Amino acid sequence: SSGINAEWPLRPGKLERKGRLPCIGCTEPAHWRCIECDENYCQDHSDFHHKSRATCDHRILTFKQILLSPRSLSTMRNQYCTTHNNKPLEIFCKDCNRAICTLCAVTQHKTHETREVAEAVAALKAKVDALKPQISMSLYSLRQALTRVKTAAREVNVDSQVSSRKVSGMIEVCISAVREKERELVSDLEKKKRQNTEIINSQKELLEGELSSMQTGREFVERAFIGSEVEV
């Protein structure tokens, strides 16, 4: 019923938080669940359900089994027809590409190409086995290609580092050459400065000497005409 299904799927700890789920047939707490009917049962109704001719082939699990292995529940449900409950999926419809039950095969799918599930699985397995060598070769080629790509990536990284070091080295060489040229130019300038200073100082001393001589001569002439003409 909807009241019971609303409590599904079960989660660990849910029973402890909200109280035990009731049996579908009485007020006793449920410990079992029928996978086909999607209903919960107490011990007595679970036994009755299992012994009944209409439901004797149903799979009944404890809540603990379901909680410990929820995937098994999903797998069990997927093995039975959703249209005709309790009918196992024994036929494969090639036109619809899905598994169906025998009732579906003689009704909705009666004009379709069908075969037994086991036969379809065997045919599919044969195709997969035939493809295995090709898949192995493809995997080998992909691994080889991946190895080459990884090697190329490492080489690119190494080349980049080498080129970076070369560029850094060239820059250092250029800087050293510029600094050396700078020192040479500064040295030449200092040398020319000293030479020009020496020339200027020599010319200065020469001019100062000539100026001193001229001043001495002028003073002498001026003093010579101060006395009498006889003295001159």
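Colleague: Quick one to start: is Asp38 buried, exposed or partly exposed?

Modeller: Asp38 is partly exposed, with a relative accessible area of 24%. Buried means under 20% relative accessible area, exposed over 50%, and partly exposed in between, using a 1.4 Å probe and protein chains only. Keep in mind that this is a predicted model, where local features need pLDDT of at least 70, side-chain atom pairs count only at pLDDT 80 or more, and totals for chains, interfaces and linings use all residues. Residues are numbered from 1 along each chain as its sequence is written, and side-chain values use heavy atoms, with hydrogens and water left out.

Colleague: Thanks! Where does Asp38 lie?

Modeller: Asp38 is in the loop between β1 and β2. Strands are DSSP runs of E with at least two residues, helices are runs of H or I with at least four, and both are numbered from the N terminus. Asp38 also has a positive phi of about 60 degrees, although it is not a glycine. Most residues other than glycine have a negative phi.

Colleague: What is the strand order in the sheet with β1 and β2?

Modeller: That open sheet has 3 strands in the order β2-β1-β3, with antiparallel pairing. Two strands pair if DSSP finds at least two bridges between them. Because β2 (39–41) and β3 (60–62) each have a single partner strand, they stand at the edges, and one side of each is left without a neighbour in the sheet.

Colleague: How many bridges join β1 to β2?

Modeller: 3 bridges join β1 (residues 32–34) to β2, and Trp32 has Tyr41 in β2 as its bridge partner. Helix α3 (residues 43–51) packs on this sheet, touching β1, β2 and β3, and its direction makes about 115 degrees with that of β2. Contact means heavy atoms within 4.5 Å. For the angles, axes are lines fitted to C-alpha atoms, for helices over the stretch in contact, and values run from 0 to 180 degrees between N-to-C directions.

Colleague: Changing topic: what is the order of strands in the sheet with β4?

Modeller: This open sheet of 3 strands runs β5-β4-β6, with antiparallel pairing. Its edge strands are β5 and β6 (114–116), each pairing on one side only. β4 and β5 pair over 3 bridges, and Phe92 stands opposite Ala99 in β5. Helix α7 packs on the sheet, touching β4, β5 and β6.

Colleague: And Cys93, buried or exposed?

Modeller: Cys93 is buried, with a relative accessible area of 0%. Cys93 is found in strand β4. Not counting residues up to four places away in sequence, Cys93 touches Arg98, Ile100, His109, His112, Glu113 and Thr114. The C-alpha atoms of Cys93 and Glu113 are separated by 6.1 Å, though the two are 20 residues apart along the chain.

Colleague: How much space lies in the largest pocket?

Modeller: About 250 Å³. On a 1 Å grid over the protein atoms alone, a pocket is an open set of points where a 1.4 Å probe fits, with protein on both sides within 12 Å along at least five of seven lines; lining residues have an atom within 4 Å of a point. Grid points are joined across faces, edges and corners, and a volume is the space filled by probe spheres set on the points.

Colleague: Which helix gives the most to the lining?

Modeller: Helix α7 (residues 117–224), with 6 residues. The lining also includes Phe92, Asn97 and Ala99. Asn97 lies in the loop between β4 (91–93) and β5 (98–100), and counts as exposed at 59% relative accessibility.
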